[in-house]
Amino acid sequence: MELKKILMGIVVNVPPLYNLQVYSFYRRQFKRYLQMHHIPNVSQKGEKKYLSKWGGAFYAKIEPYSYRLFTRYTDSANIVPENIGRCFLETKLNPVAMRPVYEDKNMFPYFIGRDVVPATILCRMNGGPLLDGNFQPATNDIKAYFDNRTPLIIKPSVGSSSGQGIHLFTWSEKEGAYISQKDNSRLTKEFLMSYNANFVLQKAVEQHKDIARYNPTSVNTLRIAVYRSWKDEKPHVLASIMRVGKTGAFVDNAHAGGVFVGINAENGKVGEKLFDQYGMTTSSWNGLDYAGNDFYIPHWEEIKEFVCNASKKIIHHRLFAFDICLNADAKPMLIEYNLNSFSYWLFMFTGQNPLGNYTDEIIEFCRTRERRS
């Protein structure tokens, strides 16, 4: 009977089994988080209004557990149901059929610009041959591309998330080769051809000294949410966090043991609490105390201008989660952008509205598109 009720309440024009899978996943996740945080799993003030607003707008079943969790962290009006975000908002704002090429990291230089992404050394697409940074066939002697001994990063260019599959290669004079800091693999042609059918090998970015202080061993990325309005086509920064890796790690993702901290979208001020992937908090990380801090992200206005300009070049889509780093020369660099799996919970844990002041506008847009489809 429960399954029938859920399926009757699915978002229209979304595959029923996918919708059920997403709904069930987040229902389990947030019930678990309530237990971990010792929060009573009981109805909260404003819950009925919240469920009615989102469920009524999208004819969908809304789990109440995320509301019961996030009312402890942010204003109730800011809480976005993850299943609605994944199955409905993202599918209307970022049409699924138009995502694949935009999401291939090897295409970032063409959409956003070669000078604002880490330099490509070698890459591979769709199981084809090795290509150089200009998409020309690479020579058999790949050592010819490793001439300055700078650290290199390899990552899947399609379908990766949470830092999975990333290797940092550093040059070993003793071995006379690049060695992975992850598993001691040698960077050889054989490694590359067996690594993934789609990948990009890039020069590692040297991050700005003011960002490196949070953790010098990982590139501490800024995740910035941007919405390009359907009313005036202007991009707007909605919310932001910074990911910080643990000492010694070369990735910063919360799922890999890192933490995240809120960034004031107006002025770039760093928050006073850091969160792990479960929302557990600390005010000290890597020996640095964030409580009562006066930390600001440098060149914040330039960073916001960068992501807003980038959003205009991804013309089929409107909602973005940009991952940005600031390089040693204080230049914003694109690590990647996300068109789905927006992770609204990241921003809500830090007290922010993941849709900024545009929640109602976005709902209106998505409902309009639903009536047309």
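Before anything else, my working cut-off: I call something a polar contact when a pair of N or O atoms lies within 3.5 Å, and within protein one of them must be able to donate a hydrogen and the other to accept it. I also keep in mind that this is a predicted model.

**Entry: R228**

I started with R228, which sits in strand β7. Where does its side chain go? It reaches the backbone oxygen of I315 at 3.1 Å, so that pair passes the 3.5 Å cut-off. I also found a polar contact of 3.2 Å between the side chains of R228 and E233. Buried or exposed? R228 has 5% relative accessibility, so I log R228 as buried. I then listed the contacts of R228, skipping neighbours within four places in sequence: E233, K234, P235, S311, K312, I314, I315, H317, R318 and F320.

**Entry: the sheet around β7**

Next I looked up what β7 belongs to. I traced an open sheet of 7 strands, and its order reads β11-β10-β9-β8-β7-β14-β15, with antiparallel pairing. Which strands stand at the edges? They are β11 (281–282) and β15 (332–338); each has a single partner strand, so one side of each is left without a neighbour in the sheet. I also checked what lies against the sheet: helix α10, residues 300–313, packs on it and touches β7, β8, β9, β14 and β15. I noted that the direction of α10 makes about 50 degrees with that of β7.

Then I zoomed in on one pair. Strand β7 (residues 222–228) and strand β14 (residues 319–326) run antiparallel and are joined by 6 bridges. Within that pair, I found L222 opposite I324 of β14.

**Entry: S240**

I moved over to β8, the strand where S240 is found. S240 shows 0% relative accessibility, so it goes down as buried. What does its side chain reach? I get the backbone oxygen of R223, at 3.2 Å. Setting aside neighbours within four places in sequence, I have S240 in contact with R223, I224, G262, I263, W300, F347 and Q352.

**Entry: β3, β4 and β5**

Now for another set of strands. I find β3 (residues 152–156) paired with β4 (residues 167–172) in the antiparallel sense over 3 bridges. In that pairing L152 stands opposite F169 of β4. On to β5 (residues 177–180): 4 bridges join it to β4, and the two run antiparallel. I looked up the bridge partner of W171 in β5, and it is Y178. How many residues lie between β4 and β5 in their hairpin? I count 4 there, and G176 in the turn has a positive phi of about 65 degrees.

C87 is in no disulfide, and its nearest cysteine sulfur, that of C366, is 12 Å away. C87 is at 1% relative accessibility, so I mark C87 as buried. C123 is in no disulfide either, with the nearest cysteine sulfur, that of C325, 19 Å away. C123 comes out at 0% relative accessibility, so C123 is buried too.

Key:
Residues are numbered from 1 along each chain as its sequence is written. This is a predicted model: local features need pLDDT of at least 70, side-chain atom pairs count only at pLDDT 80 or more; totals for chains, interfaces and linings use all residues. Side-chain values use heavy atoms; hydrogens and water are left out. Two strands pair if DSSP finds at least two bridges between them. Contact means heavy atoms within 4.5 Å. Axes are lines fitted to C-alpha atoms, for helices over the stretch in contact, and angles run from 0 to 180 degrees between N-to-C directions. Buried means under 20% relative accessible area, exposed over 50%, partly exposed in between (1.4 Å probe, protein chains only). A disulfide is a pair of cysteine sulfur atoms within 2.5 Å.
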